[in-house]
Amino acid sequence: SDVYKRQDNDTNINSCEDYATAQSYAYDIYKIVHQAALSSKGITANHLADTTTLFGCDTLIVDTTSSPMTIDIQFNGTCNNRNGSISATFTNKYDNLGSSVSITLNNYTYNGFTISGTINYSFSGIINGEPNYSINFNNITIKDVKERVLSWSASQTIKVSNGETTADFNDDSYSISGSSSGRTFVRNNFTTLTNTDLTLLGNCQWISAGTASVIPDNKVPRNLNFGSGCDNKATAKIYDCLLYTSDAADDL
């Protein structure tokens with residue numbers, strides 16, 4: 001039947017791989033700004049530290065006298081495979097209810113990928129003991145060394161479930177939920193929806209746990225499981241059948 005033919009042929013998972021790449025790389029930028037805000041006197045009402053660098057190889061330029069306040073995070077190319085800069089503006093103290101942040105990327109590259117687009121998020125308050133943020137990723141584009149482009153947008157919620165009380169972001173843990181849409185490096189469109197919250201650790205580049213439905217245009221949904229632990233591997237299933245255990249961007 002046509003159903004079985006579709007099952008047999010509908011087995012590629014580039015949408016799953018590229019979604020995992022976009023989700024991880026976009027949230028890496030959020031983590032950097034989140035930590036910079038918590039580590040900069042005057043940006044938060046209760047700052048955890050006051051520093052001019054996050055990694056020891058970057059420079060934080062903080063302006064609390066302008067309105068809106070700003071942080072510029074500058075990389076020199078030798079800083080954890082990063083180059084260019086990340087700029088953030090703050091409408092209010094970072095930890096004040098309703099405070100909004102706007103992030104722009106300036107010639108920013110990471111692990112050989114050129115990343116552009118904007119990120120906007122706001123502090124929704126402490127809910128069940130956890131800081132919550134509503135976050136939008138607006139036309140994030142990730143260009144690889146072959147000049148192929150992955151584009152991605154999302155409307156999601158992020159909860160800081162651990163580590164907010166220390167200045168060390170390595171002990172942080174975040175939970176992510178929501179929807180997204182994008183176009184893969186090979187130019188097919190897809191949408192996604194988290195099924196169980198995704199886990200992102202402060203000391204890990206990749207999504208470490210959680211599941212999501214990834215729906216390529218005109219194809220049946222894939223169930224993407226990020227497994228457990230810090231790695232770039234995830235398992236994709238269709239019709240409850242294992243398709244592939246996938247590596248994300250490192251294999252591109």
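Author: Buried means under 20% relative accessible area, exposed means over 50%, and partly exposed lies in between (1.4 Å probe, protein chains only). The model is predicted: local features need pLDDT of at least 70, side-chain atom pairs count only at pLDDT 80 or more, and totals for chains, interfaces and linings use all residues. Residues are numbered from 1 along each chain as its sequence is written, and side-chain values use heavy atoms, with hydrogens and water left out.

Reader: Why is C57 called partly exposed?

Author: Its relative accessible area is 22%. That value lies between 20% and 50%, so C57 is partly exposed.

Reader: How do you know that C57 and C79 form a disulfide?

Author: The rule asks for a pair of cysteine sulfur atoms within 2.5 Å. The S to S distance of C57 and C79 is 2.1 Å, so the pair qualifies. The link is right-handed, with 65 degrees about the S-S bond. C57 sits in the loop between α2 and β1 (58-63), and C79 in strand β2 (residues 69-79), so the bond ties together parts 22 residues apart in sequence. Helices (H or I, at least four residues) and strands (E, at least two) are DSSP runs, numbered from the N terminus.

Reader: What makes C79 count as buried?

Author: C79 has 0% relative accessibility. The limit is under 20%, so C79 is buried.

Reader: What makes C204 and C230 a disulfide?

Author: Their sulfurs are 2.1 Å apart, S to S. That is within 2.5 Å, so C204 and C230 count. About the S-S bond the angle is 95 degrees, again a right-handed link. Distant parts of the chain are joined: C204 is in the loop between β9 (189-201) and β10 (207-216), while C230 is in the loop between β11 (222-225) and β12 (233-238), 26 residues apart.

Reader: How many disulfides does the rule give, and what is the pairing?

Author: The count is 2. With the bonded cysteines numbered in sequence order, the pairing is 1-2, 3-4.

Reader: What makes a set of residues a nonpolar core?

Author: Its members are buried Ala, Val, Leu, Ile, Met, Phe, Trp, Tyr and Cys residues, joined through side-chain atoms within 4.5 Å. The largest one here has 62 residues; Y30, I86, F90, Y94, I103, I115 and Y121 touch the most other members. Helix α2 (residues 14-38) gives the most, with 14 residues.

Reader: Which residues is Y30 in contact with?

Author: Contact means heavy atoms within 4.5 Å. Neighbours within four places in sequence aside, Y30 meets Y94, Y121, Y133, I135, I158, V160 and Y174.
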